[in-house]
Amino acid sequence: MTALTAAGLSKSYGARVPAVDRAGLELRHGRITCLLGPSGCGKSTLLRLIAGLERPDAGEVRTPDRVLSDAASFTPPEQRDIGLVFQDYALFPHLTVEQNVGFGLNRLGGAERRARVMAQLERVRMADRADAYPQALSGGEQQRVALARALVCEPGVVLLDEPFSGLDGRLKQEVRAAALRTLRESGAAVLVVTHDAEEAMMMADELALMKHGRILQTGSPRDCYLQPVSPEAARLLGDTVELAATIRDGRAETPFGALPAAGSGPGRLVARPEAFRIADSGAPVRVGSVSFAGPFVLAEIEAEGQKAVARVPHALAPSSGDLVHIRLEPAFCTVFPD
Amino acid sequence: MTTAAVPRARPFPRLGGLHLAAILAAVIALAPLLAVVATALGPGADSLTAQTFARYALTSVALAGSVAVGAGVLGALAAWLVVMHRFPGRDLFAWALVLPLAAPAFATAYGYADLFDVAGPVRTGLRAALGFDAPLEMRSLPGAAIVLSLAFYPYVYLTLRAALVNQSVGALEAARSLGRSANGAFWAVTLPMARPAIAAGMALAVMETLADYGASSFLGVQTLTTGVVRAWSVFGSTAEAARLALPLLGAAAVLLLIERLSRANRSADVGPSRWRPLPTQQLKGPGATAAFAFCLALITLGLLLPAGWLAYRGLSVQPDAARLLHGGLNALGLAVVAALFTTALAASIALGARKSRLIARLTSLGYATPGAVMAIGLLAPAGFLWRGLAGAAGGFGVSIALLLLAYAARLMAAALEPVDAGLERVTPSMIGAARMLGQTESGAAWRVELPMATGALVTAALLVFIDVLKELPATVILRPFGFDTLAVMADYYAKDERLADAAWPSLLIVLVSIPAVIWLTRRVGASRPGAALGASQ
Amino acid sequence: MSLQNRLLIVLSLLATLAGCSGEKGGDDTASSGQVVNLYSARHYDSDAQIYDAFTRDTGIRVRRIEAPADQLIARMKAEGAQSPADVLIIADAGSMAIAADAGLLQATPDAGLESRVAANLRDPQDRWYAVSRRARVVAYDAAKVRPEEVATYDQLASPRFRGKLCVRSSDNPYNLSLLSALIERWGADRARAWAKGVVANMARPPQGGDIDQIRAVGAGQCEVAITNSYYYLRIAGSPAAQDKALVGRVLLAWPSLDGRGAHENVSGAGVAAHAPNRANAVRFLNYLLEARAQGIFASATNEFPVVAGTPMPDRVARYAAMPVDPIPVGAYGARQAEAQRLFEEAGWR
C-alpha cells in the first residue's frame with residue numbers, strides 16, 4: 001500500500017543547475033526503498049523535501065489522504081508524521097538517551113512515555129544505556145539511539161540519510177542488519193539514502209537511482225542491476241564495460257561477441273565484468289594484465305582495438321599474453337542504440 | 001499531528017514567532033542608531049572648525065591605536081604565560097587577571113588621575129626626594145592610553161586565552177614532530193592560529209575606547225566624543241553632534257567586521273575531535289619569577305592600585321550609607337533585569353535572524369557608540385513615547401522600560417557574541433531532528449537550541465550585567481525620578497570634584513561585578529571540549 | 001527545565017514593570033497636589049538638605065532627576081507638552097537663558113521673587129531667577145605672587161605669568177561664561193587676545209577640575225589658577241590638615257573686570273513651560289529664596305546667597321559682599337557658542 005508519493009519535485013539554490021530536478025518517488029508500507037546516487041546528486045535534498053525541511057520550488061508530496069506540499073500548501077515538518085534519521089544522528093547533547101528518544105513523545109504522560117521509550121530502546125538493545133549522554137556512546141550506539149528516536153513516534157514513513165556512512169567495516173554490517181530488522185518490524189514505509197551501491201541492493205525492496213537531481217530508474221534491485229535504462233544508470237550500480245556495437249539484423253555485434261538487439265545502426269553495449277565468460281569457443285581475445293582481486297581475478301582483455309575488463313573465477317584465470325575465447329552472458333549485458 | 005496545511009502564496013519562509021521576535025529585537029536595537037543617522041541628516045550648522053575636528057579625530061585614532069597595542073601586548077602576554085606555562089601562582093592568576101574588567105574604566109581613571117596628580121602622593125613624594133617634578137602626568141594622552149590599556153587588556157586576555165585553551169594539540173605536536181622546539185612551535189603554529197583571537201580582543205578594546213567618555217574626559221583627553229559633547233552642550237546642535245558621531249559608527253562597523261571575521265576563522269581551525277591536555281612548559285628560576293611578577297604587576301596596576309587608592313581616599317569621608325544602599329539596590333535590580341532582557345533579545349535575534357546576518361551585525365553597532373551619541377539617539381524614539389502617551393514621561397515603569405531598551409541597544413553586541421557562539425554548537429540536523437519529532441520552529445528553539453546554549457546565555461547575561469552596572473549616559477538621561485545608580489552617583493560626585501565620595505560607589509560597582517567576572521573566567525577554562533559538558537548541563 | 005523558568009521570570013518581571021508604569025502614572029495624577037518634579041543640573045549632594053526641608057515645611061514631595069544641563073534641556077524638548085518637569089535648576093546662567101529661549105520655561109512674575117533677586121540676576125521676562133551666586137576668581141601662591149598682581153583679569157594674560165597659570169578646559173560652563181562676560185564687556189577681539197594670553201601663560205594643558213588647579217598651585221606647578229569661589233571655600237572649610245596647609249599657602253584673589261568687580265555666575269531656577277504642578281513649582285522657587293535654603297547654599301556648598309541678610313559661615317561671608325560685575329548674567333547664554341569659538345581660535349583646549 002502506498003504510504004507517500006513524491007512527484008515532479010524540483011529545488012534549486014541560486015542560479016545554478018537545480019539540486020533536484022522533477023524527481024518522483026513512491027514509498028510503500030513495509031517496504032524499504034533505497035535512494036542511490038553519487039554524492040552531490042541531490043538525494044539528500046530530495047529526502048529533505050519529502051521531510052518538509054526544505055520547500056520545493058515545484059512538485060507535490062502527498063500521502064493517500066492528504067497533500068503535504070504542493071504549489072498551494074506546505075505542511076511543516078512537525079505535522080508530517082515522518083521520522084528521519086540524520087547522517088550525523090543529530091542526537092541532542094544536552095539530553096540523555098532516554099530523553100532523546102522520548103523527545104517526540106512530549107504529549108504523553110511521564111509513565112506512558114517512559115514505557116514506550118524503554119520498549120523502543122529494548123528493540124535496539126540500548127535499554128541499559130538509557131541514562132547515558134550521547135557523547136558517551138560509540139558511533140554504533142548513537143546510530144541505534146537515533147533510529148529508536150525516529151521510530152518511537154511510530155511514523156508512517158521513516159527516512160534515513162546515509163545512516164551507516166559514519167560506521168566502518170564489521171560494525172557497519174552488524175548495525176545495518178539490526179537496523180534492517182527493526183525497520184521491517186516497524187511496518188513503516190522506509191526510504192534510505194545511500195551512495196553505497198552494494199548496500200542499496202542488499203537492503204532495498206525497491207531501488208531508485210538518482211543523478212544530477214533526477215531519478216534515472218526505479219525498480220527492484222535485480223531489475224535495476226540487470227536491466228539498466230541507460231549506461232548512466234548502469235554505472236551507478238557497479239563497474240561496467242562499455243563497448244561500441246553495430247546493430248543489424250536484430251543483433252548487436254561487438255569484437256567480444258554478439259547479442260540480440262532491436263533497431264539498427266551504431267549502438268553501445270553495456271556489460272558487467274562478469275558478463276565476459278572464458279569459454280572453449282567464442283570471440284578470440286588477447287589477455288593484457290591480470291590482477292588479483294580477492295574472490296576473483298580481473299583480466300584485461302582486448303579485441304579489435306576495444307578493451308574490456310573481465311571478472312574471472314580463480315580456476316579459470318588466464319595469464320597475461322594468453323589468447324582466450326570469450327562468450328558474452330546476455331543477462332549481464334544491455335544494448336543501447338545511439 | 002493535525003492535517004492542517006498552511007496556505008501560502010509564495011515559497012518564502014513563513015514569518016513565525018521567532019522571526020517576529022527577531023525583527024522586534026532588531027528594531028529595538030537599531031532605533032537609536034537610526035535616530036542618530038536621521039539627526040545627523042537634519043538641519044543645524046556646523047560650528048566646529050575642520051581643524052578642531054581633525055584634532056579630535058587624530059586624538060581618537062592615537063588613543064585607540066595605543067590602547068589596541070597596549071591592551072594587545074599586555075593581554076596576549078598574560079594569556080600566553082598562563083595557558084602555555086606552569087609557574088607559581090598560575091592557577092590564581094588565570095582568573096584573577098580578568099578582574100580589572102570588574103572596575104569601570106572611569107573608576108580606574110579617578111584612581112590614577114588622583115594618585116599621579118601633581119599634588120598627589122606619588123609626585124609630591126618624588127619631588128621631595130628628587131627636588132624636581134617627575135613627568136608622571138596621567139591626565140594626558142599617554143596617561144589615558146596607559147589607564148585604558150590596563151582597564152581593557154582583559155578583553156584580549158580572555159579571547160586569546162579561550163583560543164589557546166581550545167587550540168589543537170595535534171597541530172602543536174605536528175610542529176614538534178617536524179623539528180620545532182616548544183618555543184618555535186609557539187611562533188610557527190600557536191601564534192598564527194591565535195592571531196584572529198588577538199585581533200578580536202583588540203577590536204573589543206578599541207570599541208570600548210571609542211565609546212568611552214568618562215575616563216578619557218576625566219583624564220583631559222579630547223577625542224571625537226569630546227567633540228560630540230561640545231557640539232551638543234555648548235553649541236546646542238544635536239545634528240552636528242550626530243554628524244561627528246558618524247565616523248565613530250563607521251569605525252564601529254569596521255571593528256565589528258574584524259571581530260566577526262576573526263571569529264569565523266577561529267571556528268575553522270578547531271580540528272580534531274580528540275582532546276588531550278595542552279603541553280605546558282615549566283618555568284624555573286628567573287623565568288618563573290618574571291612571569292609571576294608580570295602577572296602580579298598587571299593585576300596590581302589594573303585593579304589593586306587604583307581601587308586601593310580610591311578605597312584609601314574613600315576612608316577620609318563618611319559615606320551616606322543609606323543612599324549608597326539605595327543606589328546599589330537600584331543598580332543591581334536594573335542590571336539584573338537588563339541582563340535578562342537584553343539576553344532574551346539577543347537570543348531572539350540569534351535564533352530568528354539566522355538568515356539575515358547583516359541585521360545581527362548592525363544591532364551590534366551600539367557597542368562602540370559613545371554614550372553621548374547614544375543619548376541623542378535614544379531621546380528621539382523616547383520622545384515619541386513621551387509625547388504620545390499621557391503620563392509616560394514621568395512614569396517609573398515607562399522610564400525603566402526605556403532604560404531597558406536603551407541598554408539593549410547599547411549592549412546588544414556583548415550579549416549577541418556569546419549567544420551566537422553558543423548556538424554554533426547546535427547543528428542544522430539537530431534542529432531538523434527536533435522538527436521531525438513534532439516541534440515547531442519555535443519549539444525546536446525552545447527545547448533544543450536554548451537549552452544547548454544555556455552556558456552561553458548565562459555568559460551573555462553576565463557581560464550585560466557588568467556593563468549595565470558601569471553604564472552612565474543612558475541611565476542619566478532616561479532614568480525615572482529619584483533613581484540613582486552607583487555609576488550615576490560616582491559620576492555625580494566626580495563632577496563635583498569630590499573624589500573621596502566618588503570612591504564609594506565606584507568600589508561598590510567593582511565589588512558587585514567581581515563574582516560575575518570570576519564566573520565568566522571560569523567558563524573560559526571549562527570551555528575546552530570534554531570539560532564543557534558538565535558546565536553546560 | 002531551569003532555563004525556561006528563568007525566561008518566564010524575565011517575562012513576568014517585564015509584565016510587572018509594565019504594570020508599574022500604569023500604576024505610577026495613575027499615582028502621579030492622584031497625588032499631584034503634593035509633588036514638585038525637579039530637573040536639576042546642580043551636582044551638589046547637599047541640595048538634598050534643601051529639598052528635605054521643603055518637604056518638611058510644606059508637605060510637598062520633591063521628586064528629582066539630575067543630569068547635565070544640555071541633557072535635561074534635550075530631554076525636556078523630547079518630552080514636549082507631556083514633560084513632567086515643574087522646575088528646572090541649572091548651575092549656570094548661560095544654560096538657564098538657553099533653556100528659556102528654547103521655550104522650556106514659563107514666566108512667573110512674582111513680586112516676592114522679584115524683590116529678593118537683583119534685576120541683573122534674573123530673566124527680564126521672569127522665566128528664571130538666580131538662587132545662588134559664585135564668582136570666578138583666582139587662587140594664587142602667596143609666596144610667589146603679590147595680591148596686586150592678580151587684581152584684574154587682564155593681568156592673568158600678561159607675560160608676568162608666562163608658564164605659571166593653571167586652568168581647566170574651555171568647554172566648562174564656568175570658563176564659557178567668563179569669556180562670554182569678557183566678550184560682552186570688551187568685544188570679541190580683545191576677549192580673543194585675552195584668551196591667547198592666558199593660553200600662552202598655561203603651565204600645562206587644561207585638565208582636571210577647579211580643585212585640581214588649586215592643588216596644582218599648592219604643589220608649585222603653577223602660581224595662579226582660575227577657580228570658582230566655592231571650590232576654594234570648600235577647601236578652606238575642610239578640617240583635614242592637608243587642606244588647612246593648602247589654604248595657608250594658596251590665597252584667593254578677587255580680580256576685577258574693568259573696575260566693576262569679579263565675574264559672577266549663578267545657579268538659576270525657573271518653572272517649566274508645561275509644569276503639571278505649577279503652584280507647587282512657584283512655591284518651591286520661593287522656598288529656594290527663603291532664608292533657610294539660602295543659608296544651606298552658603299553653608300553646605302559655599303555659594304553666595306542671592307538674598308541679602310542670609311546668615312552664613314565666616315569663610316563665605318568674607319567674600320560674599322565683595323564687588324562683582326553687575327552685568328545681566330543671562331547675557332552669557334547668547335555668547336556661549338561665540339565664546340567656545342574664540343577659545344578654540346586661541347588654542348585653549
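Which chains make the most contacts among the two pairs of chains that touch? And at what angle do helices α16 and α19 of chain B pack?

Modeller: Quick heads-up: this is a predicted model, where local features need pLDDT of at least 70 and side-chain atom pairs count only at pLDDT 80 or more, while totals for chains, interfaces and linings use all residues. Residues are numbered from 1 along each chain as its sequence is written, with chains lettered from A and ligands numbered from 1 in the order they are written.

The most contacts are between chains B and C (two residues are in contact if their C-beta atoms, placed from the backbone, lie within 7 Å). Chains A and C don't touch, and their nearest C-alpha atoms are 11 Å apart.

Now for your helices (DSSP runs of H or I, at least four residues, numbered from the N terminus). In chain B, α16 covers residues 396-423 and α19 covers 454-470. They pack at about 155°, with axes 8 Å apart (lines fitted to C-alpha atoms over the stretch in contact, with angles from 0 to 180 degrees between N-to-C directions). So α16(B) and α19(B) are roughly antiparallel, a label for angles over 145 degrees. Residues making the contact include Tyr407(B), Leu411(B) and Pro418(B) from α16(B), and Leu457(B), Leu463(B) and Asp467(B) from α19(B). By class, this contact has 13 nonpolar, three polar and one charged residues (Ala, Val, Leu, Ile, Met, Phe, Trp, Tyr, Cys and Pro are nonpolar, Asp, Glu, Lys and Arg charged, and the others, Gly among them, polar).

Technical notes
Helices (H or I, at least four residues) and strands (E, at least two) are DSSP runs, numbered from the N terminus. Angles under 35 degrees count as roughly parallel, over 145 as roughly antiparallel, 65 to 115 as roughly perpendicular and the rest as oblique.
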